[in-house]
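Hi,

Here is the model you asked me to pass along.

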Amino acid sequence: MFTGIVTDIGTIRDVERRGDTRVVIDTAYDTATVDMGASIACSGVCLTVVDKGPGWFAVDVSGETIARTAQGQWTQGRRLNLERAMKLGDELGGHIVTGHVDGVAEVTGVVADGDSKRIGFRVTADLAPFLAPKGSVTVDGVSLTVNEVRDEDAGDGGSTHFAINLIPHTQAVTTLGALDAGVAVNIEIDVLARYLQRMEHYRGR
């Protein structure tokens, strides 16, 4: 379990294609305090530490995970938002995040809003029921507040657009400050919204 509060930006040092994909990530974490088998969220994807050394750790990424996450994420040199698993008693600074990606969004635009940035995203219509103004969403592992939601019915099944404001601090301590139009990002919907939608489904039967 995670909170969506990023505590390091790692960089993929090496990618080895095998049965699964072994990814070695450079980090500022003190890896002496990271247990083998520990969970670390890597740009919103919960992965298991399978090897480590001073200043780096390795994870195995399955074909299923690669297929369901942002294109190009698992490449050498890619920067990743990192968060270690939450411990009992830790402050819940963001919202409850599971590290299970629900979909991939495309950045539709980035505009200045004072010192902040207003970033727009487009997702497929199946995620529309889980996005609401002032609700929570996780973008590449970062807990954010949804500012605006707009549904469009045109095209192949329609799509949903939403926007967030990125304050200077979040720009500085995550990879989101470098986002530009056309970039793909991982999206995890609020777990509470997921359960509420499921409850509504059965209430109407």
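To start you off: is Asp115 buried or exposed? Asp115 is exposed, with a relative accessible area of 68%; here buried means under 20% relative accessible area, exposed means over 50%, and partly exposed is in between, with a 1.4 Å probe and protein chains only.

Some housekeeping. This is a predicted model, in which local features need pLDDT of at least 70 and side-chain atom pairs count only at pLDDT 80 or more, while totals for chains, interfaces and linings use all residues. Residues are numbered from 1 along each chain as its sequence is written, and side-chain values use heavy atoms, with hydrogens and water left out.

Back to Asp115. You'll find Asp115 in the loop between E7 and E8. Helices (H or I, at least four residues) and strands (E, at least two) are DSSP runs numbered from the N terminus. In sequence, Asp115 and Ile167 are 52 residues apart, yet their C-alpha atoms are 7.0 Å apart in space. Another such pair is Val139 and Val101, 38 residues apart in sequence and 9.4 Å apart in space, C-alpha to C-alpha. Val139 lies in strand E9 and is buried, with a relative accessible area of 0%.

Now the pocket. The largest pocket holds about 290 Å³ of space. The search runs on a 1 Å grid over the protein atoms alone: a pocket is an open set of points where a 1.4 Å probe fits, with protein on both sides within 12 Å along at least five of seven lines, and lining residues have an atom within 4 Å of a point. Grid points are joined across faces, edges and corners, and the volume is the space filled by probe spheres set on the points.

There are 14 residues in the lining of the largest pocket, and Ile5, Val142, Ser143, Leu144 and Thr170 lie nearest its centre. Strand E10 (142-145), strand E12 (159-166) and helix H2 (168-173) each supply at least two residues of that lining. The largest share, four residues, comes from E10. By type, the lining has seven nonpolar, seven polar and no charged residues.

On to salt bridges. Side chains of opposite charge can pair when their charged atoms come close. How many salt bridges does a search of the whole structure find? The count is seven, a salt bridge being a side-chain nitrogen of Lys or Arg within 4 Å of a carboxyl oxygen of Asp or Glu. Three of them, with some context:

- Arg13 and Asp26 meet through their side chains at 2.7 Å, N to O. Arg13 lies in strand E1 (residues 8-17) and Asp26 in strand E2 (residues 21-26), so the pair ties together parts that are 13 residues apart in sequence. Arg13 is partly exposed at 39% relative accessible area, and Asp26 is partly exposed at 28%.
- Glu106 forms a salt bridge with Arg122, the closest N and O atoms being 2.7 Å apart. The pair links distant parts of the chain, with Glu106 in strand E7 and Arg122 in strand E8 (residues 116-124), 16 residues apart. Glu106 counts as partly exposed at 32% relative accessibility, and Arg122 is partly exposed at 31%.
- Arg150 pairs with Glu152 in a salt bridge, with 3.3 Å between the closest N and O atoms. Arg150 is partly exposed at 38% relative accessibility, as is Glu152 at 33%.

Finally, two backbone spots to check. Most residues other than glycine have a negative phi. Ser43, although not a glycine, has a positive phi of about 50°. Ser43 sits in the loop between strand E3 (39-42) and strand E4 (45-53) and is buried, with a relative accessible area of 3%. Asp140 is not a glycine either, and has a positive phi of about 50°. Asp140 is in the loop between strand E9 (136-139) and E10, and counts as buried at 5% relative accessibility.

Cheers

Technical notes:
Ala, Val, Leu, Ile, Met, Phe, Trp, Tyr, Cys and Pro count as nonpolar, Asp, Glu, Lys and Arg as charged, and the others, Gly among them, as polar.
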